Amino acid sequence: PGSNIDRMVNSYCLIHKETKAASMAVFDLDDMTEIMTKHFQASSRGAVGGVARDRSSNTDRSRDPLYNQLKMYSEVYRMLGWLRPMSKRLEFSTTILGDLIAEEFVDRQDLVYGLVRQCLLAVTFPNPLTNNVSVTSHRPFRWLLLLMLSLEGVITRAEMILGLLAVINDRDGSVFSETVELIVDLRGGSRERLDEKVSEYADYVDLQVNTLGNYTRLPVGVLKSPQLRWATS
């Protein structure tokens, strides 16, 4: 949904505050959209606020930009452990961890961003709160940091596609060293060779290269975040 981690945390805190104030133990994507647009924190088709909501509205929800934007946010919040799906998958309640994140955010941001780092390191696939395709075992942010450490502290978006997205089992003892060797080898060649390798992988998983680039948006945002302090752009 975006690559600004501070905005992502702020948006969660706003949703938490408004749903708690309205005594909404359970809420859905439309409730989240209402909150975000009311506070001018989401835009659609060149507008903000109620106008954005009106312009976005579509009976075909797959064509409703705001609905899909909040759906993506909800997927991140579930992945981090701040929201849990209820009997209907797109209805949610906050978790105790999510309560702590939101309630401490104003006065103790150092604590909150420390918890965010822990939440990211704890992300594991597959898990019951998100849909997973083909991954058998993966802790993506732990893997990403270890991979950077083995690559002289530097990684690019294209290298994330090959070295992070392409991993389906991080418990395979040889995969890490093979991934490092692949990227080191590609660094010794031309940019065209790296691009060719990314294109080959895109063909293999039947996705567009741009789509794979979009899948790196959250990891890139995490690494660029001045609040998390794991890396710099």
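Ser23 sits in the loop between H1 and strand E1 (27-28). In this predicted model, Ser23 has a phi near 55°, a positive value in a residue that isn't glycine. At 66% relative accessibility, Ser23 counts as exposed.

- Asp206 is another non-glycine residue with a positive phi, at about 60°.
- You'll find Asp206 in the loop between helix H10 (191-205) and H11, and with a relative accessible area of 69% it is exposed.
- The peptide bond that runs from Phe125 to Pro126 is cis, and its omega is near -5°.
- Pro126 belongs to the loop between H6 and H7.

- H1 meets H2 at an angle of about 110°, and the two axes are 10 Å apart.
- That makes H1 and H2 roughly perpendicular to each other.
- On the H1 side, Ser11, Leu14, Ile15, Glu18 and Thr19 make the contact, and on the H2 side it's Met32, Ile35, Met36 and Lys38.
- Sorted by class, the H1 contact with H2 has five nonpolar, two polar and two charged residues.
- H1 also packs on H5, here at an angle of about 100° with the axes 9 Å apart.
- H1 and H5, too, are roughly perpendicular to each other.
- H1 brings Tyr12, Cys13, His16 and Lys20 to this contact, while H5 brings Gly98, Asp99, Ile101, Ala102 and Glu103.

**Nonpolar cores**

- The largest nonpolar core has 39 residues, and Val9, Ile15, Tyr77, Trp82, Val116 and Leu218 are the ones with the most contacts inside it.
- At least two residues of this core come from each of H1, helix H2 (29-38), H4, helix H5 (96-104), H6 and H12.
- H4 gives the most to this core: eight residues.
- Apart from that core lies another one, of 15 residues, including Trp143, Met160, Leu164 and Val220.

- Why call H12 (residues 217-224) largely enclosed by the rest of the structure? Because six of its eight residues are buried.
- The buried residues in H12 are Leu218, Pro219, Val220, Gly221, Val222 and Leu223.
- The cover over these buried residues includes helix H1 (5-21), helix H4 (65-80), helix H6 (109-122), helix H7 (140-150), helix H8 (157-165) and helix H11 (209-215).
- Take Leu218 as an example: leaving aside neighbours within four places in sequence, Leu218 is in contact with Ile5, Met8, Val76, Met79 and Phe141.

**Two buried residues to look at**

- Thr216 is in the loop between H11 and H12, and Thr216 is buried, with a relative accessible area of 1%.
- Not counting residues up to four places away in sequence, Thr216 touches Arg157, Met160, Ile161 and Leu165.
- Ile183 is part of helix H9 (residues 175-187) and is buried as well, at a relative accessible area of 2%.
- Setting aside neighbours within four places in sequence, the contacts of Ile183 are Leu147, Leu151, Glu159 and Gly163.
- Ile183 and Gly163 are 20 residues apart in sequence, with their C-alpha atoms 7.4 Å apart in space.

**Cysteines**

- How many disulfides are there? The count comes to zero.
- The closest cysteine sulfur to that of Cys13 is in Cys119, 12 Å away, so the pair is too far apart for a bond; the cut-off is 2.5 Å.
- Cys119 is likewise in no disulfide, its nearest cysteine sulfur being that of Cys13 at 12 Å.
- Cys13 counts as buried at 11% relative accessibility, and Cys119 is buried with a relative accessible area of 8%.
- Cys13 also turns up among the H1 residues that make the contact with H5.

Notes:
Residues are numbered from 1 along each chain as its sequence is written. This is a predicted model: local features need pLDDT of at least 70, side-chain atom pairs count only at pLDDT 80 or more; totals for chains, interfaces and linings use all residues. Side-chain values use heavy atoms; hydrogens and water are left out. Buried means under 20% relative accessible area, exposed over 50%, partly exposed in between (1.4 Å probe, protein chains only). Helices (H or I, at least four residues) and strands (E, at least two) are DSSP runs, numbered from the N terminus. Contact means heavy atoms within 4.5 Å. A nonpolar core is a set of buried Ala, Val, Leu, Ile, Met, Phe, Trp, Tyr and Cys residues joined through side-chain atoms within 4.5 Å. Axes are lines fitted to C-alpha atoms, for helices over the stretch in contact, and angles run from 0 to 180 degrees between N-to-C directions. Angles under 35 degrees count as roughly parallel, over 145 as roughly antiparallel, 65 to 115 as roughly perpendicular and the rest as oblique. Ala, Val, Leu, Ile, Met, Phe, Trp, Tyr, Cys and Pro count as nonpolar, Asp, Glu, Lys and Arg as charged, and the others, Gly among them, as polar.
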